[in-house]
Amino acid sequence: MEKLNFVRDGVMKLPPGFRFHPTDEELVVQYLRRKVLSCPLPASIIPEVDVCKSDPWDLPGDSGQERYFFSTREAKYPNGNRSNRATGNGYWKATGIDKQILTSRGNKVVGMKKTLVFYRGKPPHGSRTDWIMHEYRLVDATEIRQKKNSTQTVMEDWVICRIFLKKRGTKHEEEMTKSYNCEKVGSVGENGPVFYDFLGKERTDLNLIPVSSSSGSSGVTVVSSHESSDHDHDHEESSSCYSFSSIRRKPLA
C-alpha cells in the first residue's frame, strides 16, 4: 500500500475538501505513540517542527487554521524536569491542570493534554495573547523506551502540539451589546425617556398612576397613553435595566 504523504516543505497540504480533525485519543494512540515507536503512521500529515524556535504566527502553515506539529521538549535546566518554552518574542505559559486522555471505552489513560497560552515579552511581565497550544504527551513513555532499549531522557520525548488562534465568540459581543444598551440613555419614544419628580407641582398633569415599589426609587420612566404596546414592551425592558419603578396607565374613562 502506498504511503500517504500530505506534508510539503514542512506544511500540511490536504486535497480540496479534506480536513484533519482527529480526536485526542487518535492523536495520542494513532500518531504520537506510533511516532515514538518508529511505527508507520496512518498518514504523513504532521510535520516535525521545534515549536519554540519560532513565534506562533511564524510557524509553518495557515495561521488562521489549527496546526499540528511533532516536537520535542527541551529541558529548561540540565538536571530539571521543566520545559523551556521561550521563543524569540515571548513564551508559552501553562494554564490550568493537565487533562487525562482516555480510550474510547474510558478504562485506560493513554496520554495527557496540557493547555498553554502565549505571552509577548519576558516573564513575569508578558502580555497575554489569544494564541493557544495543546501539548499531547504519552503517559507510558518510560515503558516504551525500555521496549526500544532507548537511552533518551524524558525531556527528549516526542509530543504533539496543536496550535490555534482563539477567536472572539459572538456570545461575548452580545453580552457587551446588551450591557451597552442598558447603560446608555436610549430612546423610548421619539424624544427619549422622560423623568418626572412626583413631588413636583405638575404631578397632577401626568395622567399616570404610580405603583409602589420596594426599590425606593423616586423617579420613573414615563410612557404616554398614545404609545403602542410594542413601546410598552421596550419600556419594560429598559426599566429593568435601570431598576426604575414600574408604572401603569390610567384607564380611560
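Mentor: Over residues 184-189 the pLDDT stays under 50, and the model has 14 contacts beyond four places in sequence for them. Here pLDDT is the predictor's confidence in each residue, from 0 to 100, and contact means heavy atoms within 4.5 Å. This is a predicted model, where local features need pLDDT of at least 70 and side-chain atom pairs count only at pLDDT 80 or more, while totals for chains, interfaces and linings use all residues. Residues are numbered from 1 along each chain as its sequence is written, and side-chain values use heavy atoms, with hydrogens and water left out.

Trainee: Why is strand β7 called largely enclosed?
Mentor: Buried means under 20% relative accessible area, exposed over 50%, and partly exposed in between, using a 1.4 Å probe and protein chains only. In β7 (residues 158-165), 6 of the 8 residues are buried, so the strand is largely enclosed by the rest of the structure.

Trainee: What makes β3 and β7 a pair?
Mentor: Two strands pair if DSSP finds at least two bridges between them. Strand β3 (residues 67-72) is joined to β7 by 6 bridges, running antiparallel. One example is Ser 71, whose bridge partner in β7 is Val 159. Strand β6 (residues 127-138) also pairs with β7 in the antiparallel sense, over 6 bridges, and Met 133 stands opposite Ile 163 in β7.

Trainee: How do you know which strands are at the edges?
Mentor: The open sheet has 5 strands in the order β3-β7-β6-β5-β4, with antiparallel pairing. Its edge strands are β3 and β4 (90-102), as each pairs on one side only. For β4, that pairing is with strand β5 (residues 109-120), through 10 antiparallel bridges; Thr 95 has Thr 115 in β5 as its bridge partner. Helix α1 (residues 24-36) packs on the sheet, touching β3, β4, β5, β6 and β7, and its direction makes about 65° with that of β6. For such angles, axes are lines fitted to C-alpha atoms, for helices over the stretch in contact, and angles run from 0 to 180 degrees between N-to-C directions.

Trainee: What makes a group of residues a nonpolar core?
Mentor: A nonpolar core is a set of buried Ala, Val, Leu, Ile, Met, Phe, Trp, Tyr and Cys residues joined through side-chain atoms within 4.5 Å. The largest one has 18 residues, and those with the most contacts inside it are Tyr 31, Ile 45, Ile 46, Phe 70 and Ile 160. Its largest share, 5 residues, comes from α1. Beyond four places in sequence, Ile 46 is in contact with residues including Val 7, Phe 20, Leu 27 and Tyr 31.

Trainee: Why is Ser 38 called exposed?
Mentor: Its relative accessible area is 58%, so Ser 38 counts as exposed. Ser 38 lies in the loop between α1 and β3 and has a positive phi of about 60° although it is not a glycine. Most residues other than glycine have a negative phi, and most peptide bonds are trans.

Trainee: Where is there a cis peptide bond?
Mentor: From Pro 123 to Pro 124, with omega near 5°; Pro 124 is in the loop between β5 and β6.

Methods
Helices (H or I, at least four residues) and strands (E, at least two) are DSSP runs, numbered from the N terminus.
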